[in-house]
Amino acid sequence: MIRITENFRTIQDLLTQAATDAGRCREEIRLLAISKKKPVASILQAASAGQRDFGENFVQEGLKKMDDIDRDDLIWHFTGHLQTNKTKF
């Protein structure tokens, strides 16, 4: 857990500096963590560190993780190409 938390803090610091350098407000920038093929435990660690947006590109895997984690404070995104037979999900 320490490594995920440390990495998250480092990325947040870099985003803050990049926003400042670009003359933008840090609150306008959202970090999307791609959680594809990552275990639920790692996602929960990232969420505990403050990450809220997660991206999946496999519909079934993403739906299972959303069910397993069952947290209203996380925002899930679908990334990549969507197959026609998966659009109903």
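Modeller: We can start with the overall layout, then take the sheet, the aromatic rings and the pockets in turn. This is a predicted model, in which local features need pLDDT of at least 70 and side-chain atom pairs count only at pLDDT 80 or more, while totals for chains, interfaces and linings use all residues. Residues are numbered from 1 along each chain as its sequence is written, and side-chain values use heavy atoms, with hydrogens and water left out.

Colleague: Okay, which helices and strands does the protein chain have, and how do they run from the N terminus on?

Modeller: The protein chain has three helices and three strands, and from the N terminus on they follow the pattern α-β-α-β-α-β. Helices (H or I, at least four residues) and strands (E, at least two) are DSSP runs, numbered from the N terminus. The C-alpha trace spans about 45 × 30 × 20 Å along its principal axes.

Colleague: What order do the strands of the sheet have, and is the pairing parallel or antiparallel?

Modeller: It is an open sheet of three strands in the order β1-β2-β3, with parallel pairing, where two strands pair if DSSP finds at least two bridges between them. β1 and β3 stand at the edges with a single partner strand each, so one side of each has no neighbour in the sheet. Neighbouring strands are turned by 35° against each other on average, direction ignored; the axes behind such angles are lines fitted to C-alpha atoms, for helices over the stretch in contact, and angles run from 0 to 180 degrees between N-to-C directions.

Colleague: And how many bridges are there between β2 and β3?

Modeller: Strand β2 (residues 53–56) pairs with β3 in the parallel sense over four bridges, and Glu 56 has Phe 78 in β3 as its bridge partner. On this sheet packs α3, which touches β2 and β3 and whose direction makes about 175° with that of β3; contact here means heavy atoms within 4.5 Å.

Colleague: Switching topic, how many aromatic pairs does the structure hold?

Modeller: The structure holds one aromatic pair. The ring centres of Phe 54 and Trp 76 are 5.6 Å apart and their planes are at 35°, so the pair is tilted. For the cut-offs, rings of Phe, Tyr and Trp (its six-membered ring) pair if their centres lie within 6.5 Å, with planes under 30 degrees apart counting as stacked, over 60 as edge-to-face and the rest as tilted.

Colleague: Why does that pair tie together parts that are apart in sequence?

Modeller: Phe 54 lies in strand β2 and Trp 76 in strand β3, so the pair links parts that are 22 residues apart in sequence.

Colleague: Now pockets: what volume does the largest pocket have, and which residues lie nearest its centre?

Modeller: Its volume is about 310 Å³, and among its 15 lining residues Ile 4, Ala 33, Ile 34, Ser 42 and Ala 46 lie nearest the centre. On a 1 Å grid over the protein atoms alone, a pocket is an open set of points where a 1.4 Å probe fits, with protein on both sides within 12 Å along at least five of seven lines, and lining residues have an atom within 4 Å of a point. The largest share of this lining, four residues, comes from α1.

How values were computed: Points joined across faces, edges and corners; volume = space filled by probe spheres on them.
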